[in-house]
Amino acid sequence: MDEVTEATPTATPRVVAPPAQFHSPSLTRSPLLASDDRIETVSKTPKSSSPRPRFNITPIGSPIRRALNLTRLDPHDAWLPITESRNGNAFYAAFHTLCSGIGIQALVLPVAFTILGWAGGIISLTVAFIWQLYTLYLMVQLHESTETGLRYSRYLHLFSASFGNGLSRLLAFFPILYLSAGTCIALIIIGGSTSKTFFQIVCGTNCNANYLTPIEWYLVFTCAAVLLAPLPNLNSIAGVSLIGAITAVGYCTLIWVISVVKGRLPGVSYDPVKPPAQLERAFEALNALGIVAFAFRGHNLVLEIQGTMPSSEKHPSRVPMWRGVKFAYSLVAICLFPLAIGGYWVYGNKIPRNGGMLTALYAFHSRDTSQFLIGLTSLLVIINAVSTFQIYGMPMFDSIEACYTKRKKQACPWWLRIILRTLFGFTCFFVAIAIPFLGSLAGLIGGIALPVTFAYPCFMWLKMKKPKKYGIVWWVNWVLGVLGMGLSFAMIAAGIYVVINTGVQASFFKPH
């Protein structure tokens, strides 16, 4: 029996795995693997009464590694929500990608058109869609290395492997944190306010519209989201993601179809908003580009979704993953382009800056449209928000439980998992009450999160794949990466300027 690492006098339990296991995961250089963890290869798995994690080896390694039949495993992956189950497929990938790719942030796309105009809006939306689809392809290819056999099932792990832990904490941690926890906070704000509207539509004039306060509606939505949170892993919420995907496509389609059928508003104007000062115009345009960039989210979940799939040398996970992504983003395009173009055609410069198409539907068509359709749209938004909360919360659940498994060297108990996830949900609820105006900062937040989608994947590809210097691929990734970082800094500056110049109703602890 050969040991991969030297024996140590510590009492750390050994992890034993037969070389014949080839279906599940854990080929990642996760920082969770302690230096004193030891792995042995044996011909048969010995019987033992002590519990240990279940994991297998994925044969994506080099010829040398396959010849040795040895690899360094991270047993903690088998205990964490993202990599606990590896039986995903292209359908699951499509459900998760579509649920995370379409969100309420897409409803403010017509607001960007009011600044960029018809040509600028359509061009920027098309370029952003193609650009993010390209970086999404890069992420799918970077998930697993055919040279080393490593699988990177978390965005931060891939970033750390590319640029080190220091740059990972400096450049990627906060955008990833916002795209996970910040999205959950925004979903509570949207879900709570829409729940109040849905209640008013259903009750009509028969009950008190202020039956519950806005804070209480936020609490109702949070309780609904927390009820689903104990689902153990990412694969277990595939059905939830399917419901979220269906409802997202449903409410996006309903909103733009109802608006277009009702026709253009009287006196609508398509003249781009042009502030008098040249600097203000530039910042407004950059802020509009930030809104467009903010409409495309979900790159922080791509590696996590792909990490739920089995992978082998003959059947790598990138094949079904890319198949699911292509299907999902076909529907994303079908939803986003009519929503942006049709919404701007109907409302023009009258589109509300806060809430976008959903607010416009309530403001302009609540009386001349069937209350059933208005109520159905609101209900779909609520269901989608509850479903999306689960997939965006999963990376946070994974990080929280990783702290436990790293210290205790065992899986998180079910009762502790429920407590931790409930605490996370109500922490988001508290933040949502504290800053209910988060949606007004779409341009600024889009600039902060932009590198995760448009820039970092290009740099990681250059670092990990090392394409031919000065070749086409080398130039494309360098240009897109540098351009993405430049746009990010410019959008952040523009977002700050717009917030200071136009003002934001910073109603702390006063949700409406």
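Reader: How far is the sulfur of Cys 252 from the closest cysteine sulfur, and in which residue is that sulfur?
Author: It's 5.1 Å from the sulfur in Cys 335, and that's too far for a bond. A disulfide here is a pair of cysteine sulfur atoms within 2.5 Å. Searching the whole structure turns up zero disulfides.

Reader: Before we go on, what sort of model is this?
Author: It's a predicted model, where local features need pLDDT of at least 70 and side-chain atom pairs count only at pLDDT 80 or more, while totals for chains, interfaces and linings use all residues. Residues are numbered from 1 along each chain as its sequence is written, and side-chain values use heavy atoms, with hydrogens and water left out.

Reader: OK. Is Cys 252 buried or exposed?
Author: Cys 252 is buried, because its relative accessibility is 0%. The cut-offs are under 20% relative accessible area for buried, over 50% for exposed, and partly exposed in between, using a 1.4 Å probe and protein chains only. Cys 403, on the other hand, is exposed at 51%.

Reader: Switching to charges: how many salt bridges are there?
Author: Six, taking a salt bridge as a side-chain nitrogen of Lys or Arg within 4 Å of a carboxyl oxygen of Asp or Glu. One of them pairs Arg 154 with Asp 398 at 2.7 Å, N to O. That pair links distant parts of the chain, 244 residues apart: Arg 154 is in the loop between helix 3 and helix 4, and Asp 398 is in helix 12 (residues 371-408). Helices are DSSP runs of H or I, at least four residues, numbered from the N terminus.

Reader: And what about Glu 401, which residue does its side chain meet?
Author: Arg 417, in a salt bridge of 2.9 Å, N to O. Glu 401 lies in helix 12 and Arg 417 in helix 13, so the pair ties together parts 16 residues apart in sequence. Both residues are buried. Shared partners also join Glu 84, Glu 401, Arg 417 and Arg 421 into one network of salt bridges.

Reader: Last topic, helix 5. Where's the kink?
Author: At Ala 172, about 50°, shortly before the proline Pro 175. The bend is the angle between axes fitted to the seven residues ending there and the seven starting there.

Reader: What comes just after helix 5?
Author: Gly 204, which takes a positive phi of about 65°.

Terms used
Helices (H or I, at least four residues) and strands (E, at least two) are DSSP runs, numbered from the N terminus.
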